Structures are given as C-alpha cells and as structure tokens.
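Please walk me through this model in the viewer, one selection at a time. Tell me what to select and what is found there.

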Amino acid sequence: MQIVFIGPPGAGKGTQAERLIKKYNLAHLSTGDMLRAARDAQTEVGKKADQYMSQGQLVPDDIIVAIIGERLAEPDCQKGYLLDGFPRTIAQAEALDALLSRQNTSLDAVLELRVPEEELFNRLAGRGRADDKPDVIRQRLVAYREQTEPLLDYYEKKKVLKSIDGLGTVDDIFNRVVETLADLSTPA
Ligand code: AMP
C-alpha cells in the first residue's frame, strides 16, 4: 500500500501515522522528521532547511524532492509506505507522480485529516516544539492554506482523495482511517 497523509499542522498526522505503519507494515516517510534529523546533525541540507523551518515556511521543493527521491529508492519502501507531510505543494505532487510513473506504480489513497483552524492553534500551542511559537504557528497555517490545500483538488481530480474527520479521540480517528482503507479494497 502506498499512502499519502495530508493535513494541517496539528491535525494529528504523526500520531495516526505511527499506528498505521504498525498495522499495515509500512515504511514511515516523514519529511518533517527527516529535516529535523538533518538540522540536528548540522548537515548542509539541514542548515539550509532550518532557515525555513524556524520561520514556519516550507523548505524549497528541490531540496525536498531530492530527499524523498533518495528515500523512496531504499529497500524498505518496497513493502509499501506512508508519506507523512509530503507532498506539500503542487510541484512536489507532480514530482511524486513522475517518480511513481517511472516505477510503474501509483498511490492507493491520499488521506486528508480535517480539523478546524481554531482547534489546530490550541493543539499546537500546547505542544512545545521549536516551531510551535505563536507567530511561527500562524505562518505554518498560512503555508498550509496557501500552498498545501490546493493539493486536495489535485488529488480529488485523480479520484484518490479520502477526507477523514480529525476530531475525537486518537482511537476514534484511527478507526475512521482503518475503515476508509478497508473500503478501498471493496469494489463500489
Ligand atoms: P512537519 O513536521 O511535517 O510539520 O514539518 C515541519 C517543517 O518542516 C515544516 O513547517 C516545513 O518547514 C518543513 N517541511 C516538512 N515537510 C515539508 C515539505 N514536504 N515541503 C516543504 N517543507 C517541509
């Protein structure tokens, strides 16, 4: 299974992703985690990325596409993967499509986790990560609205988008995700 997880910062993608990869034995590809690791290791890519991350802005597409292209070529991705936080722009989605078509494969589903903006702000403000300061949170929400939300239309047109209500307990949301994925294999 090859799945993309889309949702605004604070929607709970990371928490749900952890559970999903265990249940379906998928590789977990979080570009946010990869960038934080690169930043902490002070690599050139990490230092460059931090200039954007610390401002709540998206890291340039060429950097992200190079990172994910290398990662997708690793053997553990053969068993299936969950892309968490990628793609985040139309250009990234197009680059992913090009990579997938070269491998003669495609996405099984793009899951959107929907959470109202007021709720996101409260969740993020309580989290305490370096990019969870109010100004930076606001900027990350703007980046989501302006650069990532257009992907919903993009994937809707490709008939792979599944929107899931992201309110409720972690268990409630996980059950919705699992039901949605189960429906994929049942012919309509
Ligand atoms: P996340 O952990 O997914 O919220 O990502 C944290 C930060 O890493 C984001 O605010 C961006 O600055 C950067 N980032 C992660 N994934 C991407 C991506 N696909 N494209 C651009 N920037 C990204």
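Is T31 buried or exposed? The model is predicted, and in it T31 has a relative accessible area of 5%. Buried means under 20%, so T31 is buried.

**T31 and its surroundings**

Select T31, which is in helix α2, residues 31-40. Leaving aside residues up to four places away in sequence, T31 touches I64, I68, D84, G85, F86 and R88.

**The cis peptide bond**

Stay with F86 and show the backbone towards P87. The peptide bond from F86 to P87 is cis, with omega near -5°. P87 belongs to the loop between β3 and α5.

**Strand β1**

Next select residues 2-6, strand β1. 5 of the 5 residues of this strand are buried, so β1 is largely enclosed by the rest of the structure. Both faces are covered: Q2, V4 and I6 are buried on one side, and I3 and F5 are buried on the other.

- Strand β3, residues 81-84, runs parallel to β1 and is joined to it by 4 bridges. Pick V4 to find its bridge partner in β3, L83.
- Strand β4, residues 109-114, also runs parallel to β1, again with 4 bridges. Pick I3 and look across to A109 in β4.

**Helices α4 and α5**

Select residues 61-72 for α4 and residues 90-102 for α5. These helices pack at an angle of about 30°, with their axes 10 Å apart. Angles under 35 degrees count as roughly parallel, and α4 and α5 are therefore roughly parallel to each other. The crossing of α4 past α5 is right-handed.

Show side chains at this contact. From α4 come D61, I64, V65, I68, G69 and L72, and from α5 come A91, Q92, A95, L96 and L99. By type, the residues of the contact of α4 with α5 are 8 nonpolar, 2 polar and 1 charged.

**Two loop residues with positive phi**

N25 is in the loop between α1 (13-24) and β2 (27-30). Its phi is positive, about 55°, although N25 is not a glycine. N25 counts as partly exposed, at 48% relative accessibility.

Q42 is in the loop between α2 and α3 (44-53). Phi of Q42 is near 60°, a positive value in a residue other than glycine. Exposed means over 50%; Q42 has a relative accessible area of 52%, so Q42 is exposed.

Key. Residues are numbered from 1 along each chain as its sequence is written. This is a predicted model: local features need pLDDT of at least 70, side-chain atom pairs count only at pLDDT 80 or more; totals for chains, interfaces and linings use all residues. Side-chain values use heavy atoms; hydrogens and water are left out. Buried means under 20% relative accessible area, exposed over 50%, partly exposed in between (1.4 Å probe, protein chains only). Contact means heavy atoms within 4.5 Å. Two strands pair if DSSP finds at least two bridges between them. Axes are lines fitted to C-alpha atoms, for helices over the stretch in contact, and angles run from 0 to 180 degrees between N-to-C directions. Angles under 35 degrees count as roughly parallel, over 145 as roughly antiparallel, 65 to 115 as roughly perpendicular and the rest as oblique. A crossing is left-handed if the near helix is turned anticlockwise from the far one by less than a right angle, and right-handed if clockwise. Ala, Val, Leu, Ile, Met, Phe, Trp, Tyr, Cys and Pro count as nonpolar, Asp, Glu, Lys and Arg as charged, and the others, Gly among them, as polar.
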